[in-house]
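Thanks for asking me to look this one over.

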Amino acid sequence: MIFEYIRKPDGENLLRAREAYKYVDDIMVFLGWGSTEGRGKINRRLYRLYTVLVVIFSLYLPFLFAQSLMLTIDISHADTLFTTLEVFFNGPAYTIKSAIMLRNRWRVDKAKDMLDVMSERLVTYEERVRVHRLAVNCNYITLLYRFVYTIPTTLNLVYSVYYGYPPLNLYNPFVDWHKDTRSLWIAALYEYFLQIFAVHAFMASDSMPLIFGLTVRSYTQWLTERVERLRNNPKRPEDENYQELVQCIKDHQLIVEYSENMRPLISIALFVQYTTASLVMASSLVHLVTFADMVSGITTTIYMISCMFQTFPISYICEQIVEDCELLSMAIFHSNWIGAPTAYTSALKYFIHRTQQPIQFIAGGVFLICLNVNIQVAKFAFSLTTFVQQMSVFENFDR
């Protein structure tokens, strides 16, 4: 059932950490990015054929938009032009992200297996409830992205059909939407379902890094709590305290390995997202402040908000992960280590040294993923909008 993975804790029937990726996994399967393990021979071949068809569609989509811009789109009509441009910039991004996800799909499966190992230390009922709530929150994030990304696409369909043209006016040799109302609806729904399919790719590629970031934060915070409890029981032998410290060091190493496993996927995907978001926001701002009426203005505003969902949440989470690493290092330093044996303090020094190297991500090996870069993207969009207005590039366009 769709609500099975967003339910409240129910006795012993609790979700595991790997099920934080459940809804995003379902989207990946729909997109042809799923694993073929566990499928029968015939089903495996059919699914691989489906994946090939999806790849062909991904490669063709940017050319379809370029072809439509040259052949069918009335570039003198501002609403049609800018709506198409907003989607056109996402066309190559869709192809690139699809290629990234297909190439790195195994990393998501490995991440789920690593979450199982990282959860072995969480044995009490309260800790298992925490894991359950983490999985539920991550699945809620996927549902939120589904809602935010689908709304502007649907509103654009309603708005365009109301005014008598398809949402994107894509090149379609089989249907002439000028012919009659029935042909218009066929062309409009065809373009709508193409958009919905592409939007699901963005849902998966944008929500998955955020889910990853939340799991890293949660396990780092839970490790910090365990560190704060070190040597707080005076009746506990020093050998057990030392073993507990060693286990905390191993837990931290697992978190680092979990992050390193996902680093190539996060780095490349976020670089594409930052680049695309700046262009899309600039195009949307020009549309909003220059040509949009009330209805298209609302649609464009919602679309801009959905673009911010591509970069802002993960930028914030990455900054919080760095702060959590610093808090972990401080918790180690302020733990009850005074009077501990030499072996314990030596291990503690090693632990502090490791945690002083925070978990950070660099988009495409070019810039650090943080809120400052997100602000720079917004500044670029505003600057480009101001430049276009001052140059009066679109002053002869029809609204």
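1. Helices H5 and H6 cross in a right-handed sense. Please keep in mind throughout that this is a predicted model. H5 covers residues 125-162 and H6 covers residues 181-228; their axes come within 8 Å and cross at roughly 155°. Angles over 145 degrees count as roughly antiparallel, so H5 is roughly antiparallel to H6.

2. What sort of residues make up the contact of H5 with H6? By class, there are 22 nonpolar residues in this contact, along with 10 polar and four charged ones.

3. Next, the annotation. The UniProt entry, which is unreviewed, carries "transmembrane region" for residues 49-69, 81-102, 143-165 and 185-204. Do treat this label with some care, as such annotations may be inferred rather than shown by experiment.

4. Two of those spans can be set beside the model. Residues 49-69 are 100% helix and 0% strand, with 30 Å between the end C-alpha atoms. Residues 185-204 are likewise 100% helix and 0% strand, and here the end C-alpha atoms lie 28 Å apart.

5. On to the open spaces, which may interest you most. The largest pocket has a volume of about 290 Å³. Its lining consists of 15 residues, and those nearest the centre of the pocket are Arg18, Asp25, Arg105, Asp109 and Lys112.

6. Which class dominates the numbers in that lining? The lining of the largest pocket has 11 charged residues, against two nonpolar and two polar. Helix H1 (22-30) and helix H4 (90-118) each supply at least two of the lining residues. The largest share comes from H1, with four residues.

7. How many cavities of 30 Å³ or more does the structure hold? There are two. The second largest cavity has a volume of about 60 Å³, and its lining is made up of Met118, Tyr219, Trp222, Leu223, Arg226, Asp251, Leu254 and Ile255.

8. The lining of this second largest cavity divides into six nonpolar residues, two charged and no polar ones. H6 and helix H7 (238-291) each supply at least two residues. H6, the partner of H5 in the crossing described above, gives the most to the lining, with four residues.

9. Finally, the overall layout. The protein has 10 helices and two strands. Along its principal axes, the C-alpha trace spans about 85 × 55 × 35 Å.

Methods
Residues are numbered from 1 along each chain as its sequence is written. This is a predicted model: local features need pLDDT of at least 70, side-chain atom pairs count only at pLDDT 80 or more; totals for chains, interfaces and linings use all residues. Side-chain values use heavy atoms; hydrogens and water are left out. Axes are lines fitted to C-alpha atoms, for helices over the stretch in contact, and angles run from 0 to 180 degrees between N-to-C directions. Angles under 35 degrees count as roughly parallel, over 145 as roughly antiparallel, 65 to 115 as roughly perpendicular and the rest as oblique. A crossing is left-handed if the near helix is turned anticlockwise from the far one by less than a right angle, and right-handed if clockwise. Ala, Val, Leu, Ile, Met, Phe, Trp, Tyr, Cys and Pro count as nonpolar, Asp, Glu, Lys and Arg as charged, and the others, Gly among them, as polar. On a 1 Å grid over the protein atoms alone, a cavity is a set of points where a 1.4 Å probe fits but cannot get out, and a pocket is an open set with protein on both sides within 12 Å along at least five of seven lines; lining residues have an atom within 4 Å of a point. Grid points are joined across faces, edges and corners, and a volume is the space filled by probe spheres set on the points.
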